[in-house]
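Please consult the sequence and structure shown below.

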Amino acid sequence: MAIKQLSVFVENKRGGLVAITDLLAGHGIDMSALSIADTKDFGILRLIVNDTEKAKAALTANGILVKVNEVVGIEIPDKPGELSRALSVLDAEGINVEYLYAFISASGTGAYVAIRVEDNVAAESALTSAGFRTITEKDVRGSKD
Amino acid sequence: MEQRYFNKEIETMPRDELTALQSEKLKKQVRHVYDSVPYYRALMDEKGVTPGDINGIDDLYKLPFISKSDLRETYPYGMLAVPLSDCVRIQSTSGTTGKRVIAYYTQHDIDIWEECCARAIVAAGGTKDDVVQVCYGYGLFTGGPGINGGSHKVGSLTLPMSSGNTDRQIQFMMDLKATILCCTPSYAAYIGESLKEKGYSPDDNSLKAGIFGAEPWTEEMRRDIEKSLGIKAYDIYGLTETSGPGVAFECSEQKGMHINEDHFLAEIIDPDTGEVLPDGEKGELVFTSLDKEAFPLLRYRTRDICVLDRTPCSCGRTHVRMAKPMGRSDDMLIIRGVNVFPSQIETVLINEGYAPNYRIEVDRVNNSDTLDVYVELSPDQFTDTVGAITAMEKKLSAAITGILGIHPAVHLVAPKSIERSEGKAKRVVDKRKLHD
């Protein structure tokens, strides 16, 4: 089951990022994962948070560009070559990875990886067949809720 | 649709009668200027032309041109053609392109000006039953006072809002059921955006028409404003030097603005040679006032680039139409030797699905001009991948290159990050230091 991700447009200017993190903190939003893609002019901040809709509403109300979409989340066992194996599975199925980022599992047993692909269902099914465990939003939040 | 006119006799006067009227008025106007303004008399003497040489509008070409620099040179009283004690008002330019120009008005001049504005309001469907919301600036700027006076002459209920305080504009618009909105097109677009943000649909307001001018705008921006406010948008043209708004105005045909030719005689000239160009050719617009008392102008070069159209208009008005100016030649940028009007870039933006909120920056790096265009992204255009956004930037850049022939760097920026204007929009920043 795919995980909800929040993407936020951040202009490359002083205080651009902190304005967003401050706003989220002020609304009690807890972040589980983040990554930033940046260019000369702007960045896209990608977040997995405990309350996506609330975060989106808070950002939108402040005139910040936000998009919610779903990414595939899997657990990667903590041993060499496992991420490569996961990516090979997708490659073999002809599934193109737009981007990915890793974060720590709440249970501490391995790493979680969020993967952005065109077709989430196809990617999940390929990874599951190869023995990877897909994670849910509950896994991401862990026992904190 | 039944056509309504504020002054039917004049507005639909047969061409030959109109020409005769103009010739009579021109002779008197030239005599008045020659007798009353020493600066002008010197210019005419220098050119070897006397009032006796002007027997009608066909002799107009004999007169010397004047330009903004003449008005600046004679500041503050040098162009005054009546005793100061006969004047009842001044208005002034913003002075953004140099020293201010002050225009003087007798009561007769104010009456002419306000009638021109009244014609524009009636052409936009205005009647005594309308509620006209004027959010042009009041004060020295001619926009507010001119339309205000025109609205009084029509007998409409006039809301003298002046510019700014958008929340209050919207409150009055809704509570008093304004039917005609008058402001700059960029402010109209901003009001439309603000209404949407407050959750209003275009059907929620009582507006039926808007009269927008005082800055260049495009056909595409007109359609945008018409959609966002649920109105028909009419263009109006004028400049402080000739009186203010109302020199020309659009009728329901929206095919150019009828010049109030009983008061202002228009010519199109080659801006480089001063030669009068035939109708239909693009050039600089030149105005001669025909019956002004305090601040008459003969062959005043507006620096606006446009085209005149004398073909009959189906609205019944016989007065010549001027196309929407491409921009004042002051607004024209020369980038890498290419003439660029901001309105050309605006047209591309709207055609490519962007809102007309943009900033153009021109700079010179290593002796080469650079053009940067900043455009706001809208929420539905934003995606989570960098590739998609840079692809949008490239596509927009290619579209602008296709029109201008020069390649801009396009930067998509956050919504509302470009400063909004409540008066004339400042969209161009020229950082080149070419003179110092």
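**Chain contact and domain arrangement**

The contact between the chains takes 14 residues from chain A and 14 residues from chain B, two residues being in contact if their C-beta atoms, placed from the backbone, lie within 7 Å. This is a predicted model, in which local features need pLDDT of at least 70 and side-chain atom pairs count only at pLDDT 80 or more, while totals for chains, interfaces and linings use all residues. Residues are numbered from 1 along each chain as its sequence is written, and chains are lettered from A and ligands numbered from 1 in the order in which they are written.

**Side of chain A that touches chain B**

- At least two residues each are supplied by strand S1 (3-11), strand S3 (42-49) and strand S4 (66-77) of chain A; helices (H or I, at least four residues) and strands (E, at least two) are DSSP runs, numbered from the N terminus.
- S1(A) gives the most to this side, with 3 residues.
- This side comprises 5 nonpolar, 4 polar and 5 charged residues; Ala, Val, Leu, Ile, Met, Phe, Trp, Tyr, Cys and Pro count as nonpolar, Asp, Glu, Lys and Arg as charged, and the others, Gly among them, as polar.

**Domains of chain B**

- Chain B is assigned domain 1 (1-326) and domain 2 (333-430), with bounds that come from an automatic or database domain assignment.
- The centres of domain 1 and domain 2 of chain B, taken over C-alpha atoms, are separated by 30 Å.

**Contact between the domains of chain B**

- In chain B, 16 residues of domain 1 are in contact with 13 residues of domain 2.
- On the domain 1 side, helix H8 (185-197) and helix H9 (219-229) of chain B are the elements that give two or more residues.
- H8(B) provides the largest share of that side, 4 residues.
- The residues of the domain 1 side divide into 7 nonpolar, 6 polar and 3 charged.
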